[in-house]
Amino acid sequence: MRSGKWVVAAGFGALVTSGATAQTLRPDQAAFRELYVELVNTNTAYSNGSCTIAANQLAKRMHDAGFTKDEARVIVVPGYEREGNLVAELKGSSKKLKPMLLLAHIDVVEANREDWTRDPFTLVEENGFFYARGVADDKVQAAIWVDSLIRFKKAGFRPKRTIKVAATCGEESSSKALNGAEWLARNLPETLSAEFALNEGGGGRLDKNGKPQFLAIQVGEKANRIFDLEATNPGGHSSVPRPDNAIYDLAEAIVAVKRLGFPVQLNDTTRAFLTQMAPTAPAAGQKAISDLLADESNAQAATILSADPVMNSTLRTTCVATMLDAGHAPNALPQRAKGVVNCRIVPTMSTEATQMAIEAAIANPRVKVTLRKPHRPMAVPPPLDKRILDPAIKLAGEVFPGVPLVPTMSTGATDATMTALIGIPTYGIPGIFYEADGGGIHGLNERIRVQSVYDGRDYMHRLIKLYAER
């Protein structure tokens with residue numbers, strides 16, 4: 001799951017190519033393309049798809065490349081037969097170096113054919129873009145991880161550090177689904193255990209003309225928490241209105257949430273992001289960044305930067321109303337009115353403090369605020385570790401000269417919250433550039449540039465090898 005324009009979303013099935021002719025591919029790129037197409041064309045949405053089929057397809061490719069059934073296997077939890085997960089590893093030669101983990105999710109957000117211009121589960125290449133559900137989020141990364149291990153195996157490369165892959169299900173799904181990364185962390189931690197992990201959430205941003213603006217490595221993310229707001233009332237006949245009305249109470253509470261402004265709360269990652277992005281901002285933005293870094297309470301600087309919605313969310317905790325339900329009859333005073341508020345909480349703030357702020361803003365005892373059972377643990381930001389950042393920055397300078405690489409905090413959520421359960425610092429890897437408008441991730445006609453996929457694959461493969469040898 002990606003978010004934010006400051007980030008910086010025989011048996012293979014059909015591949016449709018229209019518009020510009022597909023570029024001539026190297027043999028290794030052609031092999032990757034087959035794997036990528038098969039994975040994208042396999043429906044892995046929760047309602048009617050199967051991660052188990054996709055995981056078995058990936059495992060077969062690894063077995064055909066020489067991995068044993070123990071080195072690449074599919075784990076299916078009883079009762080969740082369609083939610084299988086691939087775990088694999090390439091053994092390292094060093095007994096001292098701890099493994100590294102390559103994490104990606106293979107499930108996707110739901111997609112209705114009638115809403116899409118093209119079949120969402122048939123990869124289409126058109127005018128320099130790949131289109132289909134999951135081409136960006138997150139099957140491109142899962143395909144690159146598996147492809148890299150297959151390439152290493154075929155080349156006879158034995159890394160110093162063991163390289164693990166986990167292609168899991170349930171990251172995008174509802175609370176009814178099984179989150180594979182969480183289940184593995186809690187029940188089979190040895191399949192994931194590593195010194196560090198590389199995950200989604202990084203990448204890069206292109207401007208509207210396709211020019212790279214910057215690369216991003218995700219170092220931390222906000223926590224997703226949902227609060228239910230409920231106002232109750234005895235009700236009565238609508239012909240005799242009363243001032244104490246459940247809908248009015250809820251409406252006033254929703255407006256209070258709208259007006260609730262959380263203070264700026266920077267952390268190591270967002271400070272480093274602002275510092276490195278400042279030279280690219282206009283003069284007013286540069287001054288605002290400088291002022292805010294000097295004093296987080298500088299209201300004028302915060303106002304200037306917060307004009308961009310994603311920057312606003314990067315600087316602070318945010319809460320927003322997302323659902324409403326009220327009343328039981330058109331001719332009756334409402335007995336109940338409900339609302340849902342979704343908060344994205346910065347690592348330096350607690351869930352309890354967020355709920356207290358909501359309740360204080362509403363200031364109405366007739367409106368009850370209740371925290372839903374969290375779908376994810378609180379995010380644990382990894383350190384700005386030079387052993388992780390320096391190789392990524394150095395290689396980016398070679399592959400993408402002139403494009404800055406900056407640390408970012410995701411305003412969305414990823415399975416890094418699950419690897420944190422067993423103490424694995426998890427980073428969103430750079431390398432693949434995404435559209436400034438999000439490229440339809442989680443929405444209609446999801447797309448990613450063909451060149452971004454192949455360039456990102458080359459970069460990420462080389463970076464994996466660097467980490468595995470250090």
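Helices (H or I, at least four residues) and strands (E, at least two) are DSSP runs numbered from the N terminus. Residues are numbered from 1 along each chain as its sequence is written. In this predicted model, local features need pLDDT of at least 70 and side-chain atom pairs count only at pLDDT 80 or more, while totals for chains, interfaces and linings use all residues; side-chain values use heavy atoms, with hydrogens and water left out.

Strand 13 and strand 15 (residues 336–345) run antiparallel and are joined by eight bridges. Within this pairing, Met323 stands opposite Val340 in strand 15.

The link of Cys319 and Cys343 is right-handed, with 110 degrees about the S-S bond. Because Cys319 lies in strand 13 and Cys343 in strand 15, the pair ties together parts that are 24 residues apart in sequence. Both Cys319 and Cys343 are buried, that is, under 20% relative accessible area, as against exposed at over 50% and partly exposed in between (1.4 Å probe, protein chains only).

By the same rule the count comes to two disulfides. The other is formed by Cys51 and Cys169, whose sulfur atoms are 2.2 Å apart. The torsion about the S-S bond of Cys51 and Cys169 is about 70 degrees, so this disulfide is right-handed. Cys51 lies in helix 2 and Cys169 in the loop between strand 7 and helix 4 (180–187), so the pair ties together parts that are 118 residues apart in sequence. Cys51 and Cys169 are both buried. With bonded cysteines counted along the chain, the disulfides follow the pattern 1-2, 3-4.

Helix 2 (residues 51–64) has 14 residues and reaches 20 Å from its first C-alpha to its last, close to the 20 Å expected at 1.5 Å a residue. The expected span is 1.5 Å times one less than the number of residues. Ser50 caps the N-terminal end of helix 2, with a side-chain oxygen 3.3 Å from the backbone nitrogen of Thr52. Just after helix 2, Gly66 takes a positive phi of about 120 degrees. The buried residues of helix 2 are Cys51, Thr52, Ala54, Ala55, Gln57, Leu58, Ala59, Arg61 and Met62. Their cover includes helix 1 (27–41), strand 2 (72–75), strand 3 (85–90), helix 3 (139–155) and strand 7 (163–168).

Strand 17 (residues 405–410) has six of its six residues buried, so it is largely enclosed by the rest of the structure. Leu405, Pro407 and Met409 point one way from strand 17, whereas Val406, Thr408 and Ser410 point the other way. Strand 17 pairs with strand 10 (residues 212–221) in the parallel sense over five bridges. In this pairing, Ile217 stands opposite Pro407, and the bridge partner of Ala216 is Val406.

Eight of the ten residues of strand 10 are buried, so strand 10 is likewise largely enclosed by the rest of the structure. Strand 10 also pairs with strand 9 (residues 203–206), in the antiparallel sense over four bridges. Gly204 stands opposite Leu215 in strand 10. The hairpin of strand 9 and strand 10 has five residues between the strands, and in this hairpin Gly210 takes a positive phi near 85 degrees.

Methods: Pairing = 2+ DSSP bridges. Contact = heavy atoms within 4.5 Å. Polar contact = N/O pair within 3.5 Å; in protein donor to acceptor, adjacent residues only side chain to side chain. Disulfide = S-S within 2.5 Å.
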